[in-house]
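Subject: Structure for you to look at

Dear colleague,

I am handing over the structure we spoke of, and below it I have set out what was found in it. Please read the notes with the model open beside you.

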Amino acid sequence: MARQAAVSVRGLVKRYGEVEAVRGIDLEVAAGEMFGFLGPNGAGKTTAIKILCTIAEATSGSATVAGHDVNTERSAVRRRIGLVFQEPTLDGYLTAEQNLRFHGELYGMPRRLLRERIDEVLEMVGLTDRRRDQVIKFSGGMKRRLEIGRGLLHSPQVLFLDEPTIGLDPQTRASIWEYIASLRERQDITIFVTTHYMDEAENCDRIAIMNEGRIVVTDTPDALKSSVGADRVQIRTEDDAAAIRQLRDRLGVEAAMHDGMVTFSVAGGAEFVPKLFATLPLRIDTVTVTRPSLDDVFMSYTGRTISDAQADGSSAFLRAMAGRR
């Protein structure tokens with residue numbers, strides 16, 4: 001018998017006045033899967049997570065988490081999920097153990113079970129020897145591990161991680177993901193993560209790429225990269241506008257400016273480079289060729305890189321919110 005989907009969403013919409021943050025998304029996450037939302041800030045990822053965690057109400061559409069409706073069975077959903085927010089929510093003046101105990105009491109966990117789970121979770125996140133230290137003394141990585149542990153304290157079926165490594169240095173980000181990978185090996189749990197980091201999305205079994213409130217494509221990271229096919233070539237020249245015209249007119253290649261460089265996609269990028277130098281009547285200062293990445297997938301489906309979309313999305317959101325005043 002097939003296992004029930006951990007998360008099921010149909011036609012989900014969320015509006016804030018005239019701003020449509022989520023625009024009719026559909027998705028299904030299997031039990032035990034690590035599923036990711038990849039997209040720039042402002043794409044609607046966090047808003048969708050808030051609806052699934054019963055923090056916000058959808059304008060229309062439906063969603064179930066662990067078999068329970070997020071609108072009509074909110075308490076049942078909350079008992080079955082763990083949530084690590086994008087912004088830190090620990091009490092810095094409490095100890096690690098006190099933060100966990102407070103969380104467990106909010107969930108109505110029996111005292112004996114709570115004591116056992118606090119010991120287990122502190123061991124799991126490697127903070128047993130710091131259990132009586134105030135959280136304010138912890139590093140960013142230690143705080144994040146404690147927050148993930150807190151989200152697991154009441155043994156949820158689904159753990160939501162909203163940008164779990166935002167604001168952390170690369171080394172700490174890598175260690176957090178090593179911990180998340182080891183967590184999956186030890187517990188039968190579904191993990192739903194949002195991120196705008198390409199390398200983090202690679203850790204997921206499947207990802208849904210979000211842009212402007214919509215899911216544009218869903219598949220495994222490898223399948224998505226294979227679908228692009230072409231290599232990405234980026235050049236910097238003495239006249240980038242002229243280079244874009246010459247690429248189109250002389251080589252039949254459509255290019256555009258992304259990340260401050262003339263960018264285009266071609267099959268066999270390395271073999272194409274000599275043709276560039278032989279054909280373009282311009283000085284080429286820099287050439288970069290990369291194999292298809294998730295950023296190339298994003299650009300293939302949206303016409304922009306994630307960093308471009310992030311900048312555009314922030315500006316559009318601020319304009320929309322200013323218009324509501």
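Phenylalanine 272 is buried, since its relative accessible area is 10% and the cut-off for that term is under 20%; phenylalanine 264, at 2%, is likewise buried. Please bear in mind that this is a predicted model.

As for aromatic pairs, the count comes to five. In one of them, the ring centres of phenylalanine 35 and phenylalanine 37 lie 6.2 Å apart with the planes at 70°, so the pair is edge-to-face, and both of these residues are buried. Phenylalanine 264 and phenylalanine 272 also form an edge-to-face pair, with 5.8 Å from centre to centre and 65° between the planes.

Two charged side chains are placed over tyrosine rings: the charged end of lysine 14 sits over the ring of tyrosine 16, 5.1 Å from its centre, while that of arginine 173 sits over the ring of tyrosine 197, 3.7 Å from its centre.

The second largest pocket holds about 260 Å³ of space, and among the 14 residues lining this pocket, Gly82, Leu83, Phe85, His103 and Tyr107 are the closest to its centre. Strand S6 (81-84) and helix H5 (140-152) each contribute at least two residues to the lining, with S6 giving the largest share, three residues. By type, the lining of this pocket divides into six nonpolar, six polar and two charged residues.

With best wishes

Note on methods
Residues are numbered from 1 along each chain as its sequence is written. This is a predicted model: local features need pLDDT of at least 70, side-chain atom pairs count only at pLDDT 80 or more; totals for chains, interfaces and linings use all residues. Side-chain values use heavy atoms; hydrogens and water are left out. Rings of Phe, Tyr and Trp (its six-membered ring) pair if their centres lie within 6.5 Å; planes under 30 degrees apart count as stacked, over 60 as edge-to-face and the rest as tilted. Buried means under 20% relative accessible area, exposed over 50%, partly exposed in between (1.4 Å probe, protein chains only). A charge sits over a ring if NZ of Lys or CZ of Arg is within 6 Å of the ring centre and within 35 degrees of the ring normal. On a 1 Å grid over the protein atoms alone, a cavity is a set of points where a 1.4 Å probe fits but cannot get out, and a pocket is an open set with protein on both sides within 12 Å along at least five of seven lines; lining residues have an atom within 4 Å of a point. Grid points are joined across faces, edges and corners, and a volume is the space filled by probe spheres set on the points. Helices (H or I, at least four residues) and strands (E, at least two) are DSSP runs, numbered from the N terminus. Ala, Val, Leu, Ile, Met, Phe, Trp, Tyr, Cys and Pro count as nonpolar, Asp, Glu, Lys and Arg as charged, and the others, Gly among them, as polar.
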